[in-house]
Amino acid sequence: MGATGERGAAISASASESSVEVREERVSVPGGAVDRVCEPRNVGELESIVRAAGIDREGLLVMGGRTRLHWANRAQALGLGISMSGISGVDEFEPEEGVLHALAGTPVQEIREVAAKEGWELPLDSPGQLSTLGGTIASAIGGPRAHLFGPVKDAVLGLEVVGGDGVATKCGGRVVKNVTGYDMAKLYCGSYGSLAIVTGAWLRLRPASAKRITLRARSSNDKERFEAIRALSKLTSVRALVWSSTRTVGKSEITVEFGGSAEGVEHDRAKFNQYIPFEEIAEDTVDHLRDERSRTGSPVALRARVLGTRCHEMMEVVLDAGLRVSADPGTGTIHASGSLPGPSILALIRERAEQAGGFAQFETLPDEWRDTLDVFGSLGGTASIVSTLKRRFDPAGILNPGRFVTLGPSDGDAQAALQGDLT
Amino acid sequence: MPQREKPSKPHLESNPGAASSPESLLGDRPWAESCEATARPASAPVELIGRLQAIVGRENCLTRSGELFAYECDGLTLEPRRPLAVVLPETTEEVAKVVHACREFDIHFVPRGAGTGLSGGAHATAGSVLIECSRMTRVLAVDAEDRFAIVQPGVVNAELSTAIRHLGLFYAPDPSSQQACTIGGNVAENSGGPHTLKYGTTTNHILALEVVMPDGSVQHLGNQTGEMPGPDLVGAFVGSEGTLGIVTEITVRLTPIPEAIETMLAIFDDVVPACRAVGRVIRSGVVPAAMEIVDRRTIEAVEASVYKAGLPKDAGAVLIVELDGSPVCMEGEIRTIREACNAEGCQAIELARDEEERLRFWRARKGAFGAMGRLAPDLYVHDAVVPRIHLPEILEKIGEICDRHRLKLANVFHAGDGNLHPNICFDRRDEDELARVIQAGEEILKACTAVGGVITGEHGVGVEKRDYMHLVFNPEDLEPMYWLRESFNPDGVCNPGKLIPTTRFCVESNPKARGYDEVPL
Amino acid sequence: MSADLSNSYGGAPSLASLLDRSLYTDTLDCVHCGLCLTSCPTYRATGRETASPRGRIYLMRGLAEGLLEDTEVLEEEAFLCLGCRACESACPSGVHYGEMLENARSAIRTEQAREGRLPLAAKIERFALREIVPRAGRLSFVVSLLGIAQTLRLDRLMMKVVPARLAEMMALAPPVPAAKDRCAMPPLTSAVGERKGRVALFEGCIMSEFFGRVNDATRLVLSRAGYEVIVPEAQGCCGALQAHSGDLNFAHDLARENVRAFGDDLGDIDAVIVTSAGCSAALRDGEAWLGESGAKLAGGVRDILEFLDEVDLDLEFKPIAKRACYDDPCHLIHAQGIASAPRRLLNKIPKLELVPHANPEACCGAAGIYNLTQPDMSKRVLSPKVESLAAAKPQIVATANPGCAMQIASGLEEAGVNASVVHPIELIEQATRP
């Protein structure tokens, strides 16, 4: 590893110089653990820690709300945990504009509340009280309201990051339309902190819905019913539609959240009720359904995305495997969890998802299955581009090493490959 | 809680570190010298021409001086550059073969769509071959159920929407040049248009791409669902101005045609109250599909053209607001817009009576740029974005700048996005006037960035604004952009000299010039 | 012959001297926005910038400014242009492309003649357009010969022996009408019922030879509508084909003859009615060609469909139960902006079902005699037209220009589409027959 001096020397020096607190704390993730965690208080401190880690060649485990730490391949050579909680807060909010700036460690819930006070809504639907902005951007996974909000990247106008070289940079901006330079934010969204550490973001907000209601109905799982409801989900005031089902119960539960003008909501609610009777339930039900997806407690949890017309077929495959399903038919997204006898079924599910135009990624896995399964899959044949990017953006290989993308021998030659390719 | 220390917020402040000239952007880099034209061939090797003709056919490989002359610029007529040759391939395979052939002879290449771009992104950089996609015009597949289409890059934007209208679908991004510009060019530029306010820009509508990489290999990015784990390579490619490769197949998202569309014209004495009305609408919670403002001079030009729509010639400004969505919501939303406009003292509000009138309004809006050709021989179409709240003050500032430089200005802009298009009329044969145009343009960009804006919202950086990137980004910010380019286009053969300041690039493409083999970190 | 011809080109500007002419100033109207590209049939067929209006204008400007020396490409591309002027309908800057094209072509031919390199095809074309087409007797003689050949079925035999180009020409020619349909029109036709006005009919050269029935239908409908129709005898060719071929001066001469034929001030004539879109567009150029002296005639010109739409047409229409497509002639829609009048008139005919087809405003490739001078490109331009018409499955295709009618009819026939091609006025005549 590091060619310069004693292991961790530069980090220690940097920490003492800038009085960044490094505490003893063990955090375990697939494939490894860190015993020390530091919490930089500002971007300058983060820069010096990353620079020092580069000199020491210490792998950094970057943590936000720690809700998705297990959602990764086996880590390699971890040295230090970085908690982003110290770089937190909504520090710019322009209610006349509908944009705000927040730091990466800010809990998404906190941003939601700030925006709501002025009649705006944050179009990010990541779970619970704990998810942070940085973690949400790094994993780029939306919740059921992605139906309305679109993908995470759509909410991001500009980003500040600290790269693998320990230099803070920015991209994008605070305006809602911008083609000044490459759209670097697209690369950082969804790269699981492997290309750079997100430190802050300009976000676009949307006007809060004047009226919101949530409805529920029970239904059979047959294709005709599913397709009819999927077609209804295209109505303009539908914010989210969750189809929850298990094979053992047989019946599924459909939860629909509406929002918009009173006239629009009433109109669309009537359309649903014409098809099957729905009852009105608690307004925050979709929040609970969303949060349940990320704390299943099951040994296996997965997320698949397929074409809308293939969503029912994919749901059947997953139900047949004996898993519980929580699907968003409007976006063709399927979350499933439960127990499975072995990894081969997951490989089959992934194959079917890819045939259906999409992919499957595995949130929770028994550790020994990681020998044969990559959490993220083959990335649609782009693995070599992704590893080239990794080499350029993080030449020392210190950002979340191994967890998303793995390079070969660190001499930077062409042998570097994604772990998914090796399996 | 640890103390919250504000990190540097470069989007808001001008960069004190970033100096005002491109030279200082280069800092003390040892290879800091302009070298775009360094040792590039002045003509195409005869053998290469033979190869290109064999690939695309003789009639689709243009090499005569007159032919090359016509390709020396796109929609930006400043700084023309004649290509070595122009090839017009028809298939992905032909594009790949052309790229391989160029590489073999160490010749750079530049992709081009319809040549309607306004930042010179399709200008042939010194010593390069143009790969024109105007013959790649097939719609390969349309899936009405899953709402996507697969098209070749030369498919014309508006014609895609026409072709799928019977399915109740359309392709949402609608740049003003949509009757001529191609989807491939839209991908390169991440084109916007009036309706981006509600529907987003091109990047929000591209699901997957097939790309001929700068090394000649064919690579697929993304999938039909539009989501893929990992960094969004489709998103990074869109808007890369043809510097990361040549897109040869595009999977686009199709959007259902809204059930109801209402278009309103609000007439104001001046652009400033019109801008304030836009602010009120934004704050009201209604999200119109589009909010556009045209000023008096633009109205005059348009009303004199084939795109005349009966706009009132005595109005100081016209605000066009389009609402779409569910019919049940229209009435309330129209009321909101009326209230917002009336609160800013608008003279009158008209609602388009029928589809024909609605289309006439839009043709007028979209023909505005061309119509200004009536005002002077040349037109410099500027493009900058400011936070919406700064629109009124920045418009005054721009007016003041043009007055000071004795230039004729017309404004037409996407007010809802804060995306300005100050159009400066001039005559390029008048060298003094040309110099004043360039000077005023620079001052406008500086004024916009000073309030947190950016130098382009939809026209791209190209060659036009490449050397103004320092107004928005400091050298450190540009470094990851070079990394991205180098990951796709390591030897810089594909569309060199665009988007990010060239000097580093030139040296990159010619390692011996910089005297070492790796970029120091 | 060549020496004679080159001399007679004198007076038109050479390419090099374009700089001093209005043409150069006109090129400055173009802001290079590209909105014209997709309206251009040759750009669509080739994808070449140089085959687009923007590209051609850029070449003109470059040559005029001395930035480009090689004239070869403009020489080719200027004549590959169909002159359909669809680009003018798309141009927000109001570029007068048609005018610029005629000037550029004229300059090119002059230059070629001066340098003794006028192409043989251009010489033949010029001869035909100067010595046959505008001379009623000679044209009639040639058409009669063609008619005899057609009757004796000699035309098919001849096609095997004559040069390919000539064979193409003969294949395109429609059946020559019977002699009685080719005889001169009555000099005066009185109005039926109360006389509302007096109009003059412009016959046109090709129209009167091949489409006498259209002129006759026009005469009858006008008379039924209450107009006295005169056919001034001294009238001649409109000069459109000559102007399009780069023989602008000769076209101007023809225009002057027509000004004399219709009277300098038009006298008591309310309008000069024209049945061919190509002719009406050219006659309207009279002012641009001749200045003040051409203004009166140019201002009096009305396409028959435009005229009938403008006047208060008090006629009873009887039903024609057919499915019809109306295809816009370029010189009607783009050169004169007439698009809705023909449709409004056809919609007056009960039971005539006017069905839409894709891109009715696109050029069919006839473009005067373009189908003879550029047969390959003409076919490439025609094929999407035939496809879109075939898809609409009409029984009748109505179009208001003789060249278009011939071109579309031959295209439909080749594609095996069974639809008759007529001028809208023929349907109106049929529907208003007492």
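Domain bounds here come from an automatic or database domain assignment. With that in hand, start with chain A of this predicted model: it is divided into domain 1, residues 90-207, and domain 2, residues 211-371. Taken over C-alpha atoms, the centres of these two domains of chain A are separated by 25 Å. Where they meet, 9 residues of domain 1 of chain A are in contact with 15 residues of domain 2 of chain A. The domain 1 side of that contact has 4 nonpolar, 3 polar and 2 charged residues.

Now zoom out to how the chains sit together. There are 2 pairs of chains in contact, and chains A and B share the most contacts. Chain A and chain C, on the other hand, do not touch, and their nearest C-alpha atoms are 20 Å apart.

Let's take the A-B pair. Here 75 residues of chain A are in contact with 80 residues of chain B. Several elements of chain A each supply at least two residues to its side of this contact, among them the strands β5 (90-94), β8 (156-163) and β10 (196-204) and the helix α8 (262-275). Which element gives the most to the side of chain A that touches chain B? That is α12(A), with 6 residues. By class, the chain A side comes to 25 nonpolar, 32 polar and 18 charged residues.

Stay with α12(A) for a moment and look at its partner in chain B, helix α16, residues 475-488. Two packed helices are described by the angle between their axes and the distance between the axes. For α12(A) and α16(B), the angle is about 145° and the axes are 9 Å apart. Their crossing is right-handed. If you'd like to pick out the residues involved, Ile385(A), Thr388(A), Leu389(A), Arg392(A) and Phe393(A) come from α12(A), and they meet Pro480(B), Trp483(B), Glu486(B) and Ser487(B) in α16(B). Sorted by class, the residues of this helix contact are 5 nonpolar, 2 polar and 2 charged.

Chain B itself is next. Its domain assignment gives domain 1 (46-132), domain 2 (139-256), domain 3 (260-370) and domain 4 (376-466). The C-alpha centres of domain 1 and domain 2 of chain B lie 22 Å apart. Their contact takes 14 residues from domain 1 of chain B and 19 residues from domain 2 of chain B. On the domain 1 side, α4 (92-104) and β3 (108-112) of chain B each supply at least two residues. The most comes from α4(B), with 6 residues. That side divides into 7 nonpolar, 6 polar and 1 charged.

Two stretches of chain B call for a second look. Over residues 1-37 of chain B, pLDDT stays under 50, and the model has 59 contacts beyond four places in sequence for them. Residues 505-521 of chain B also stay under 50, with 23 such contacts in the model.

Why does Cys30(C) count as buried? Because 26 other C-beta atoms lie within 10 Å, and 20 or more is the cut-off for a buried residue. Leaving out residues up to four places away in sequence, Cys30(C) touches Arg54(C), Ile57(C), Ser93(C) and Val95(C), along with Gly373(B) from chain B. Ala431(C) is 401 residues from Cys30(C) along the chain, and their C-alpha atoms are separated by 46 Å.

Methods:
Residues numbered from 1 in each chain as written. Chains lettered and ligands numbered in written order. Predicted model: local features only at pLDDT ≥ 70, side-chain atom pairs only at ≥ 80, totals over all residues. Contact = placed C-beta atoms within 7 Å. Helix = DSSP H or I, 4+ residues; strand = E, 2+ residues; numbered from the N terminus. Nonpolar A, V, L, I, M, F, W, Y, C, P; charged D, E, K, R; others polar. Buried ≥ 20, exposed ≤ 12 C-beta atoms within 10 Å, placed from the backbone. Axes fitted to C-alpha atoms, helices over the stretch in contact; angles between N-to-C directions. Left-handed = near helix turned anticlockwise from the far one by under 90°. pLDDT = per-residue confidence, 0-100.
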